[in-house]
Amino acid sequence: MSESPRAVIFDIGNVLIQWRPERLYAQLMPAEDMARFFAEVDPHLMNDRIDRGAPFRDTIYAHADAHPEWSEMIRLWHDRWIEMASPVIDGSVSILRQLRASGVACYALSNFGVESFAYAETHYPLLAEFDRRYISGHMRTAKPDAEIYQMVEADCGLSGDQLFFTDDRADNIEAAASRGWQTHLFTDPTSLRAALIKAGLPVQ
């Protein structure tokens, strides 16, 4: 039987703050154009480079220059980024605060660029509320690479079922579970709360 976790690790995007780039583009172009844009430009691949430490604006603007047909739309990934990273998921933030108030260590483990994370901090004070923060851009590796999980364990001194991790992506969860972490595939705050209670953690 697993022990009660000693730390809870939260992903940020789509767990604590919504991350919905497609929502912005759906407001700006017809569905067929948007599907072609994402297929031809692959902005998520561009974003992955940022998550691994590439510069925020320069990477996006260089990608825009390489795709002149879509250059204006690509630059919006930088210029209107905060609209894609909103709003806060209030129920999840409530859980984070309950855990910390009960003395449970809470960490962030998120694929996030260096400058984009700094920008997000100016809008979301909750990003300062973690005991430790593991941000991929600073670490120069990203989920689901094994290296980032190893780095977390080495830094915090915990491993296996001492850690409870929630993330909205199945591949990230599977990588953590393969290391023995207790995991929960995030869909909504209610199911996360139930999973934490089942793991013996003090949330209401």
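Val203, which lies in the segment after helix α12 (189-198), is in contact (heavy atoms within 4.5 Å) with Ile95, Gln98, Leu99, Arg193, Leu196 and Ile197, once its neighbours within four places in sequence are left aside. With a relative accessible area of 9%, Val203 is buried, a term that stands for under 20% relative accessible area, with exposed meaning over 50% and partly exposed the range in between (1.4 Å probe, protein chains only). The C-alpha atoms of Val203 and Arg6 are separated by 14 Å, although the two residues are 197 apart along the chain.

The model is a predicted one, in which local features need pLDDT of at least 70 and side-chain atom pairs count only at pLDDT 80 or more, whereas totals for chains, interfaces and linings use all residues. Residues are numbered from 1 along each chain as its sequence is written, and side-chain values use heavy atoms, with hydrogens and water left out.

Ser92 belongs to helix α7 (residues 90-101). Ser92 counts as buried because its relative accessibility is 0%, and, apart from neighbours within four places in sequence, its contacts are Phe10, Val15, Leu16, Phe186 and Pro189.

Taken as a whole, the protein has 12 helices and five strands, where helices (H or I, at least four residues) and strands (E, at least two) are DSSP runs numbered from the N terminus. Its radius of gyration is 18 Å, close to the 17 Å that the globule rule gives for 204 residues, so the protein is as compact as a globular protein of that length; the radius is taken over C-alpha atoms, and the rule is 2.2 Å times the number of residues to the power 0.38. The C-alpha trace spans about 55 × 30 × 30 Å along its principal axes, and buried residues make up 50% of the 204 residues. Of the contacts between residues at least 6 apart in sequence, 67% join residues at least 24 apart.

The five strands form an open sheet with parallel pairing, in the order β3-β2-β1-β4-β5, two strands being paired if DSSP finds at least two bridges between them. At the edges lie β3 (132-135) and β5 (182-185), each of which pairs on one side only, and the twist from one strand to the next averages 20°. Strand β1 (residues 7-10) pairs with strand β2 (residues 105-110) in the parallel sense over four bridges, and Ala7 has Ala105 as its bridge partner in β2. Four bridges also join β2 to β3, again running parallel, with Arg133 of β3 as the bridge partner of Ala108.

Helix α10 (residues 146-156) lies across β1, β2, β3 and β4 (163-167), running at about 160° to β3.

Elsewhere, the axes of helix α4 (residues 56-66) and helix α5 (residues 71-79) come within 8 Å and cross at roughly 170°; axes are lines fitted to C-alpha atoms, for helices over the stretch in contact, and angles run from 0 to 180 degrees between N-to-C directions. The two helices, α4 and α5, are therefore roughly antiparallel to each other, the word used for angles over 145 degrees, while under 35 counts as roughly parallel, 65 to 115 as roughly perpendicular and the rest as oblique. Among the residues making the contact are Phe56, Ile60 and Tyr61 of α4 and Ile74 and Trp77 of α5.
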